[in-house]
Amino acid sequence: MSSRRVRRWGAALLGATLAAGLLGGGSASAIAAADPVPDGSYLFNAKITFGDVRACSGALIDPNWLVTAKSCFADGTNPTVTGAPARATTALVGRTDLTTTSGVHRRVTHVVPHPGRNLALARLSAPATGVPTVALATTAPTAAETLRVTGYGRTATEWVPNRLHQGSFTVQDLTGGSVGLVGASAGATLCKGDAGGPAFRDDAGTVELVAIAATSWQKGCLGETETRDGATATRVDDLGPWVREQLADVQIFGVLASGQLTYGVIDSATGDLRANRQSTATLGFTPKAMATLNENTILISDTGGTLYRVDVTGHDPLTFTTTNIAAGWSPYDRLAYDGYGSLYYINGSTNHLYRRTITSAKPTGADLTRATAVSSGFGQKTITSPAPGRILGTVSDGRLLSYRVYGDGPGGWTVSTLATTGWAAPTHLVSPGGGFYYARSSTGRLDRYRDASPVDGSGTDIQSFPTDPVSTSGWNQVLLSARPWAGLVSVFGAKPDGRLSYTALDPVTGAKKVSTVSAQTLGFTPKAMATLNSDTIVMTGTNAHLYRVDVTSHEPLAFTVSAPIATSGWTHDRLVHDGNGGLFGTANGFLRRYKVTKAKPGPGDFPGWPVYDNNGDPATGFSLPTLGATGRNRLVATAGSILVAYDVDANDVWHRQDLVTTGWSNMTSLFSPGGGHYYRRDADGVVTGYLDASPFNGSGTDVTAYAPTGPASTGWDPILSAVPYDAWPDSTRRW
């Protein structure tokens with residue numbers, strides 16, 4: 001074996017282990033015998049901290065994505081797998097000097113390891129806004145070429161440097177996906193903490209990412225005695241197609257007439273088709289309808305009435321398994337899933353729409369619960385779900401219809417006509433959410449559309465791309481279904497000391513996905529709060545002022561507080577926004593309604609008036625311990641031990657219905673994002689979830705306990721408010 005090959009495969013991995021004594025001051029950071037990087041240079045660099053285990057380096061290649069070493073996310077002997085990192089992981093991006101607050105601090109939410117190289121992509125909790133990215137090289141490194149390597153690993157003299165460091169390295173050789181490096185200047189060596197650090201060309205300021213640091217003998221690094229020299233890096237110059245596929249955000253599954261499964265990946269911003277595959281295996285049954293639940297789970301019914309769960313076991317090549325989970329589905333020929341726990345299906349003979357709740361990411365028959373017969377008259381050719389509790393459908397006469405579905409009974413659903421003509425041709429319509437629609441024609445063409453406000457009931461802002469479709473042909477599937485951009489129940493809270501909290505729940509399983517508390521305080525004592533959208537909250541203080549709080553980051557939680565929108569009269573002890581422009585508040589036992597006309601309202605933007613009783617008098621009796629909103633002009637509250645529903649009609653008159661008469665006492669907060677999801681907090685700080693299958697039918701017989709429940713949900717703040725499902729714009733991440 002040559003000395004070069006020994007250098008490559010005998011060297012040590014570069015992820016820095018975090019010693020207990022370093023936890024308070026940071027983790028090991030930079031390159032031995034290297035120069036500090038000047039402020040403002042190479043801001044695409046990132047320092048990644050994997051729990052309390054190790055620190056690595058990385059590079060920002062997209063506002064939402066880093067590239068780094070796969071070994072950085074290894075947890076003991078467990079390999080790095082696709083999904084959430086095994087330990088809480090954060091990234092500092094664009095911070096040359098670690099003692100400053102420049103750049104951004106983000107949580108890593110998802111890891112995609114490369115199947116054959118020591119490389120992984122890491123998705124950030126929010127875009128690294130304002131931080132420049134680095135482009136992937138498209139030409140391979142050559143022997144004797146000089147590359148610059150940057151990293152936060154240890155140096156020859158420091159365990160924990162405070163600055164990003166850089167060094168020049170010469171390419172020795174290439175072997176498959178690796179490149180051998182040796183210091184171009186005396187003493188230049190990669191050290192622990194440099195794993196994932198970028199190796200790049202810098203041609204007069206034009207930077208191309210060629211590789212990422214992987215292993216090194218660590219000669220010259222502090223604490224090391226090794227005399228052998230050199231390092232290896234993992235090539236990225238030939239991984240452009242793989243990277244672009246992982247970064248694309250629309251996944252569409254389909255079934256061919258032959259029974260083979262298909263998989264397409266589309267970039268929503270450009271409409272570019274990044275991958276297009278089909279399985280070798282066939283389903284083994286004749287498919288009738290399908291709905292995609294998540295990236296590796298699909299429901300498909302057959303013509304005999306069996307409902308199968310199809311588990312995708314690999315995307316390249318496309319492989320899967322099938323499991324029979326239910327019978328009796330033969331009448332239903334259209335399925336759609338909204339990503340928030342609601343599966344919609346239509347009886348092809350009666351055109352009756354039904355809804356079921358899904359309570360597992362991998363459901364069995366027992367996880368398809370709470371069946372609701374919504375209504376008849378649903379004769380659409382094809383349906384999809386563009387948002388929680390919503391269905392989009394095409395009609396053979398050319399109309400495009402949008403439905404908001406709450407359940408059965410009066411007011412259980414509403415419909416808006418987005419277009420009166422032009423939608424007769426599509427044989428399939430699919431949407432991942434976010435206002436992106438894809439329509440397949442009988443000729444196999446796939447067109448794309450963008451709805452700027454997909455929940456407003458108007459189609460005037462739908463943009464089409466007739467000269468730039470996804471594909472002009474080739475989409476020959478008999479069934480198509482998009483993976484939904486599965487959402488979250490986003491909840492803000494206020495602590496007595498003025499700090500804010502943010503919690504994100506999985507609406508299907510109830511699991512906490514995010515839980516963070518701000519370091520800063522509001523500057524006033526909070527009394528009541530209502531969330532207008534994903535980054536805007538209005539709050540009253542004990543001083544009777546009304547404030548607007550603008551959330552600038554969810555992870556970590558940061559915000560700004562406006563000057564008071566109003567400095568008197570806001571003595572409200574309860575506030576709630578219904579997601580449709582209605583802000584409700586209670587003060588001194590009276591109920592008032594205000595109109596919200598802007599996503600970021602200011603002084604004078606809250607015209608208000610009292611809500612009245614049947615005699616035309618201002619409504620009294622609203623000294624309620626809790627108040628939530630379930631939809632447009634719909635409220636839910638607790639009164640003693642009773643769960644109460646209110647609706648306020650067009651004449652501003654309120655109507656009350658008692659849903660559940662016992663078991664709802666001692667509640668300090670009740671919040672709902674909509675969709676029949678209720679979450680109550682008791683005096684001990686425990687939050688319990690409930691689901692109302694038909695929240696507008698005036699009955700509580702279909703209100704059942706739902707996740708999360710029990711002690712795992714303790715510690716919630718006394719003041720809580722959910723982001724309404726109907727709120728738009730919505731800047732929260734979908735997946």
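**Figure 1. Helix H2, a mostly covered helix.** Helix H2 runs through residues 240–247 and is mostly covered, with six of its eight residues buried. Who are the buried residues of H2? They are Gly240, Trp242, Val243, Glu245, Gln246 and Leu247. Keep in mind while you look around that this is a predicted model.

**Figure 2. The whole protein, for orientation.** Zoom out for a moment before the next close-up. The protein has two helices and 56 strands. Its radius of gyration is 28 Å, close to the 27 Å that the globule rule gives for 735 residues, so the protein is as compact as a globular protein of that length. Laid along its principal axes, the C-alpha trace spans about 90 × 65 × 45 Å. Of the 735 residues, 59% are buried. If you look at contacts with a separation of 6 or more, 57% of them are between residues 24 or more positions apart. The protein exposes about 26700 Å², and carbon and sulfur atoms supply 49% of that area. As for charge, there are 59 positive and 57 negative charges, and their mean positions lie 3 Å apart.

**Figure 3. The disulfide between Cys56 and Cys72.** A quick reminder first: a disulfide is a covalent bond between the sulfur atoms of two cysteines. Searching the whole structure turns up two disulfides. In this one, Cys56 is joined to Cys72, with 2.1 Å from S to S. The pair links distant parts of the chain, 16 residues apart: Cys56 sits in strand E5 (residues 54–62), while Cys72 sits in the loop between strand E6 (65–68) and strand E7 (89–93). Is Cys56 buried or exposed? Cys56 counts as buried, at 1% relative accessibility. The link of Cys56 and Cys72 is left-handed, with -110° about the S-S bond.

**Figure 4. The disulfide between Cys191 and Cys221.** Here Cys191 is joined to Cys221, and the S to S distance is 2.0 Å. This pair also links distant parts of the chain, 30 residues apart. Cys191 lies in the loop between strand E13 (178–183) and strand E14 (198–203), and Cys221 lies in the loop between strand E15 (206–216) and strand E16 (231–235). The torsion about the S-S bond of Cys191 and Cys221 is about -90°, so this disulfide is left-handed. Cys191 counts as buried at 0% relative accessibility, and Cys221 counts as buried at 3%. Number the bonded cysteines in sequence order and the pairing reads 1-2, 3-4.

Figure 5. With a relative accessible area of 16%, Pro85 is buried, because buried means under 20%. What does Pro85 touch, leaving out residues up to four places away in sequence? The list is Phe50, Phe73, Val108, Thr109, His110 and Val111. Take Thr109 from that list: Pro85 and Thr109 are 24 residues apart along the chain, yet their C-alpha atoms are separated by 6.9 Å.

Figure 6. Most residues other than glycine have a negative phi, and most peptide bonds are trans. So what kind of peptide bond joins Asp316 and Pro317? It is a cis peptide bond, with omega about 0°. Pro317 is in the loop between strand E22 (307–315) and strand E23 (318–326). The peptide bond from Glu555 to Pro556 is cis as well, with omega near 0°. Look for Pro556 in the loop between strand E42 (546–553) and strand E43 (558–561).

Figure 7. Arg370 has a phi near 55°, a positive value in a residue other than glycine. You'll find Arg370 in strand E27 (residues 368–375), where Arg370 counts as partly exposed at 24% relative accessibility. Asn588 likewise has a positive phi, near 55°. Where does Asn588 sit? Asn588 is in the loop between strand E45 (582–587) and strand E46 (590–595). With a relative accessible area of 68%, Asn588 is exposed.

How values were computed:
Residues numbered from 1 in each chain as written. Predicted model: local features only at pLDDT ≥ 70, side-chain atom pairs only at ≥ 80, totals over all residues. Heavy atoms only, no water. Helix = DSSP H or I, 4+ residues; strand = E, 2+ residues; numbered from the N terminus. Rg over C-alpha atoms; globule rule 2.2 N^0.38 Å. Buried < 20%, exposed > 50% of the residue type's maximum accessible area, 1.4 Å probe, protein only. Contact = heavy atoms within 4.5 Å. Areas by Shrake-Rupley, 256 points an atom, 1.4 Å probe, with all protein chains shown as cover. Lys, Arg positive; Asp, Glu negative; His and termini not counted. Charge placed at Lys NZ, Arg CZ, Asp CG, Glu CD. Disulfide = S-S within 2.5 Å.
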